[in-house]
Amino acid sequence: MPVKDSAPQRSHATPEILAPPLCGSPASVLSVNDLTLETVSEILAQARVLEQEDPLKRAKRLAKRRIALLFYESSTRTRTSFELAAKGLGADTTLVSSLSSSIEKGETLKDTGLTLRALGAEAIILRHPSSGAPWLLERETGLPVLNAGDGMHEHPSQALLDLRTMLAHLRPGVETVTADTLAGVTVTIVGDILHSRVARSNMLLLPKLGAKVILCGPKELLPELAAQAGPGIEIERDFVKAISQSQVVMMLRIQAERLAGLQLDLEEYKASYQLTEERLAAHAPKALVMHPGPIIRGLELTGEVADGPQSLILEQVHHGVAIRMALVARALQKAGA
Amino acid sequence: MSTILIRGGHLIDPAAGVDGLKDIVLKDNRVAEIADAGKSSLGKGKTGAEVQIIEAKGLIVAPGLVDIHVHLREPGQGHKETIATGTAAAAAGGFTSVAAMPNTTPTNDTPEITRWMQAPERGASVRVFPIGAATRAIKGELLNDYAALKAAGVVAVTDDGHPILKDSIMREVLINATRQGLSVIQHAEDTRLTGGCSMNAGPTAFRLGLRGMPPEAEYGLVERDIRLVTELSMNGKGDKSGNHPHLHVAHTSTAQAVAAVRQARRNGLRVTCEVAPHHFLLTEEHVGAYNTNAKMNPPLRSAADRDAMIQGILDGVVDAIATDHAPHASHEKEVEFERAPNGITGLESALGLSLRWLHHEWKLPLGRVLSLLSAQPAALLGLRGRGSLTVGSFADVVIFDPKQEWVFHAKDSKSKSKNTPFDGWTMQGKVHWTISEGRVVFSAGTSA
């Protein structure tokens with residue numbers, strides 16, 4: 001067949017992309033994209049109610065209901081706060097982790113999920129190293145699933161607790177959020193964006209409330225196309241320029257377990273991106289310093305910054321319990337409805 | 001002796017330049033006669049009991065379709081597909097010739113395996129043309145014996161799925177295959193750039209938190225292969241027998257790879273390429289919520305790449321539509337996206353999608369669509385007597401209603417596996433009969 005000169009590109013009608021149901025059950029939270037501003041407001045309001053409620057009364061809300069925590073990756077904060085949240089509402093919880101279960105023997109996520117359902121679990125809280133695993137689990141079990149971190153994809157409960165932490169300082173008393181609640185607020189997320197599910201959830205959630213998100217880091221950890229993940233996201237590779245215009249600076253850990261052979265000069269990284277007392281004092285003396293943890297002192301930030309007056313790191317952890325109580329209560333209420 | 005008269009249909013045989021109402025007589029496994037409607041030697045219907053008559057009024061009669069890229073999974077992976085079930089799916093899709101990839105267990109390294117695949121005991125509905133492994137166990141190191149493989153029936157060599165990265169080995173493969181008159185098919189993927197990747201690199205992969213295969217992993221290797229072909233063809237004389245190397249690029253998915261093939265052809269090289277229906281129809285957005293039936297290799301690419309596939313088909317640089325039919329058992333696909341195997345089935349949806357989109361939507365003439373699905377792929381691999389319906393050629397025929405819309409349901413598939421992203425899609429052009437070497441191997445009336 002003779003080859004003709006390439007005609008100028010015509011545009012062709014092509015099959016429409018049928019938007020997949022992002023989330024099968026209204027009780028699940030798999031991505032921050034599942035959450036409307038109304039839903040976020042409800043969760044924030046519910047978190048306050050549950051936090052302030054008498055613990056004995058609160059423990060009757062989900063008395064003896066069954067919730068499974070299915071953790072394929074190690075976790076301190078997320079696991080403990082989800083567990084305390086569920087128990088605080090009176091639910092029975094069981095923890096299945098990839099070590100010490102039949103997962104070690106080769107059981108698939110589908111079969112583990114079906115087994116937990118057969119044991120009476122009414123919702124599953126999943127942490128998994130593969131992006132998208134919560135969709136599989138929800139589809140195969142039909143149970144509400146709360147995504148407690150999936151691979152490099154999302155960590156929606158972390159973004160919600162980060163939001164609650166920010167609101168407490170920047171918009172005290174506000175829990176009904178709108179598209180301009182965070183107008184004028186710039187949040188810089190610094191470091192290993194590529195491998196961070198926390199970064200993805202935050203960069204998708206915060207602009208919905210009017211915040212500007214600046215991503216900052218070296219090319220290896222922050223590809224240019226990250227700015228296309230959603231509206232309201234910019235890239236600024238100069239750390240000082242980024243933090244000097246920010247009300248919130250969110251530092252991230254370098255995820256050594258996901259670098260997949262990527263070579264990184266840590267001394268160079270620290271020289272460019274470490275948050276130190278000097279940098280903070282000179283360029284962002286009023287900024288709120290956040291970090292989803294675990295922190296590596298002396299790498300992405302110094303111990304002095306982590307323990308310093310601008311640091312909200314432990315406050316974030318504290319907000320985690322209230323947010324997760326609201327998510328667990330919502331999961332079982334909506335599922336039961 | 002068996003005789004079939006196909007009566008009153010509209011024969012489109014692009015290779016023979018036929019496009020009109022014709023009666024066709026098939027005797028045993030060959031085409032015996034092509035005559036104007038009502039004028040065959042069997043007359044208007046006065047036939048003996050041994051003549052089967054197929055009324056094809058209002059239907060298109062065309063050469064049986066040829067798919068030069070399928071995975072039939074035998075030997076060794078019968079839980080995904082067998083030669084019997086895969087060729088039954090082929091027949092249902094209108095295909096009468098399929099070229100089977102060598103990434104089986106064991107790989108197709110020997111004449112014994114090649115003959116085993118073609119043995120009558122496999123129960124194939126349509127003709128299977130084995131493709132040999134270019135190197136032992138498709139490891140990219142030791143070349144197989146091409147002369148012996150060709151004698152056993154192999155029509156091309158490839159390490160499909162395990163691209164040959166070493167320049168020196170690829171050069172040897174091209175030289176030795178050319179000596180035997182065999183085509184070299186390359187799955188172009190620089191696997192040094194795609195470790196741990198499960199979809200196309202780009203904003204969608206970033207958002208989904210999946211590692212992405214960069215387009216250069218494909219076109220970089222296509223360009224490398226074309227450089228090698230250029231070197232080996234440079235004298236313009238070919239090898240001792242005057243053979244020129246033939247490089248065929250499997251399942252092209254990037255705009256740059258099509259551009260590289262286009263340029264190679266302008267330079268007079270024997271470089272061809274195929275495109276799969278999913279690559280001219282779908283984009284990375286179809287991965288959706290981690291749909292493992294949208295996971296294949298090469299992956300679904302950007303909209304610009306998809307448009308380049310359409311353009312390449314319309315302007316003729318693309319030589320064939322091939323399905324890359326890659327069945328997997330349901331339990332293998334019901335896993336985390338990153339862990340799911342690559343591949344989707346395609347034999348039963350290729351014609352319906354091609355007619356619906358290439359012909360009806362994008363106005364590629366019917367003859368061109370059929371040529372891409374039969375005459376051109378047959379010529380590309382030198383399948384003699386296939387891809388055209390002239391007297392003496394194999395009695396491989398597909399008869400379909402070009403206007404009939406139908407909905408493809410994966411559960412009704414003849415394939416052992418149901419891993420398709422096209423479940424529930426509206427197709428155009430329902431296959432009514434498929435005839436392979438004079439035997440009716442599929443008819444819409446009897447097999448529901």
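Modeller: One definition to start: two strands pair if DSSP finds at least two bridges between them. Helices (H or I, at least four residues) and strands (E, at least two) are DSSP runs, numbered from the N terminus. This is a predicted model, where local features need pLDDT of at least 70, side-chain atom pairs count only at pLDDT 80 or more, and totals for chains, interfaces and linings use all residues. Residues are numbered from 1 along each chain as its sequence is written, while chains are lettered from A and ligands numbered from 1 in the order in which they are written.

Biologist: In β3(B), which residue is the bridge partner of B:K22?

Modeller: β2(B) runs antiparallel to strand β3 (residues 30-36) of chain B, and six bridges join them. The two form a hairpin with two residues between them. B:D28 in that turn has a positive phi of about 50 degrees. The bridge partner of B:K22 in β3(B) is B:D36.

Biologist: Which residue in the turn between β1(B) and β2(B) has a positive phi?

Modeller: Strand β1 (residues 3-13) and strand β2 (residues 18-27) of chain B pair antiparallel over nine bridges. B:D13 stands opposite B:V18 in β2(B). Four residues lie between the strands of this hairpin. The one with a positive phi, about 70 degrees, is B:G17.

Biologist: Which element gives the most to the side of chain B that touches chain A?

Modeller: Residues are in contact if their C-beta atoms, placed from the backbone, lie within 7 Å. The contact takes 35 residues from chain B and 35 residues from chain A. α5 (203-208), α7 (255-266) and α9 (303-315) of chain B each supply at least two residues of chain B's side. With five residues, the element that gives the most is α9(B).

Biologist: How many charged residues are on that side of chain B?

Modeller: Asp, Glu, Lys and Arg count as charged; Ala, Val, Leu, Ile, Met, Phe, Trp, Tyr, Cys and Pro as nonpolar; the others, Gly among them, as polar. The side of chain B that touches chain A has 12 nonpolar and nine polar residues. Its charged residues number 14.

Biologist: Within chain A, what separates the centres of domain 1 and domain 2?

Modeller: Domain bounds come from an automatic or database domain assignment. Chain A is divided into domain 1 (32-154 + 320-336) and domain 2 (156-256 + 265-317). Taken over C-alpha atoms, the separation of their centres is 26 Å.

Technical notes: Contact = placed C-beta atoms within 7 Å.
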